[in-house]
Amino acid sequence: TEALEAYYLEKWDVAFQKLQAVVDSNPDHKDAADKLEIAKRKVQLLALHENARTAEANQEWDKAVKHLENLEKEDPTFENVKVRLAKARRESQLKDLYEEAGRLTQAEKWEAVLSVFNKIRSVDPKYPDTKSFRIEAEKRLADIQRIRKLESAYNQALKEIDALLEEQKLAADRAAERIADEWEKDRRHQQQLEARIAEARN
């Protein structure tokens with residue numbers, strides 16, 4: 001009677017122990033043997049459920065997925081197992097993505113970090129950035145873009161200075177050529193004058 005009481009009150013650990021004792025003492029007791037198998041299965045399901053619930057409470061999502069997958073395989077109708085499994089899988093995915101964001105942050109791959117956070121937001125827009133990986137990546141990228149702009153402006157200024165210097169050099173070369181031409185003309189003119197004076201004296 002204690003075995004039956006525990007069985008119908010769904011106290012499966014107690015029912016399993018009591019029914020096991022009945023079957024051990026009377027192996028031909030078919031009803032007790034049938035109920036023992038049911039109680040054994042319930043105990044196994046409850047063990048999977050407790051393991052899954054502990055993992056969920058501790059946010060150990062990979063473990064929770066494993067236990068819930070086993071639970072769903074054994075009994076697809078067990079206590080919202082499908083909903084719990086979907087949540088555990090989602091949380092496990094988010095945890096993996098966040099860990100990847102951390103590794104990319106250490107490697108200073110800032111654009112990749114933000115790409116990971118886009119994936120995270122597509123799964124859960126409110127997922128907490130507890131270690132500020134996204135903020136760090138946005139700040140570093142902003143610094144890089146600012147430096148790139150400064151470098152671009154600096155290089156453009158150098159090009160403009162080089163172009164101005166080249167223009168000034170060309171202008172100076174042209175001026176030098178004009179001066180040389182004028183000097184040559186003056187020299188020839190002077191020679192001609194000297195030649196005429198010499199002729200006039202003779």
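Modeller: Let us begin with the surface. This is a predicted model, in which local features need pLDDT of at least 70, side-chain atom pairs count only at pLDDT 80 or more, and totals for chains, interfaces and linings use all residues. Residues are numbered from 1 along each chain as its sequence is written, and side-chain values use heavy atoms, with hydrogens and water left out.

Colleague: Which residues form a nonpolar patch on the surface?

Modeller: Like charges are joined within 9 Å, and nonpolar side chains (Val, Leu, Ile, Met, Phe, Trp, Tyr) within 5 Å. Here the patch consists of Tyr-154, Leu-158, Ile-161 and Leu-165, with about 390 Å² of accessible area together. Such areas come from the Shrake-Rupley method with a 1.4 Å probe, and for residues only the protein chains shown count as cover.

Colleague: Where is Tyr-154 found?

Modeller: Tyr-154 is in helix α7, residues 133–201. Helices (H or I, at least four residues) are DSSP runs, numbered from the N terminus.

Colleague: Is Lys-35 buried or exposed?

Modeller: Buried means under 20% relative accessible area, exposed over 50%, and partly exposed in between (1.4 Å probe, protein chains only). Lys-35 has a relative accessible area of 10%, so this residue is buried. By contrast, Tyr-154 is exposed because its value is 52%. Lys-139, also found in helix α7, is partly exposed, at 49%.

Colleague: With which side chain does that of Lys-35 make a polar contact?

Modeller: A polar contact is a pair of N or O atoms within 3.5 Å; within protein, one must be able to donate a hydrogen and the other to accept it, and residues adjacent in sequence count only if both atoms are side-chain atoms. The side chain of Lys-35, in helix α3 (residues 30–57), makes one with the side chain of Asp-31, at 2.9 Å.

Colleague: Which residues touch the most other members of the largest nonpolar core?

Modeller: A nonpolar core is a set of buried Ala, Val, Leu, Ile, Met, Phe, Trp, Tyr and Cys residues joined through side-chain atoms within 4.5 Å. The largest has 13 residues, and Ala-64, Leu-68, Leu-71 and Ala-88 touch the most other members. Two or more residues come from each of α3, α4 (61–74) and α5 (81–106); α4 gives the largest share, 5 residues.

Terms used
Patches are made of residues with over 30% relative accessible area and no salt bridge: like charges are joined within 9 Å, nonpolar side chains (Val, Leu, Ile, Met, Phe, Trp, Tyr) within 5 Å. A salt bridge is a side-chain nitrogen of Lys or Arg within 4 Å of a carboxyl oxygen of Asp or Glu.
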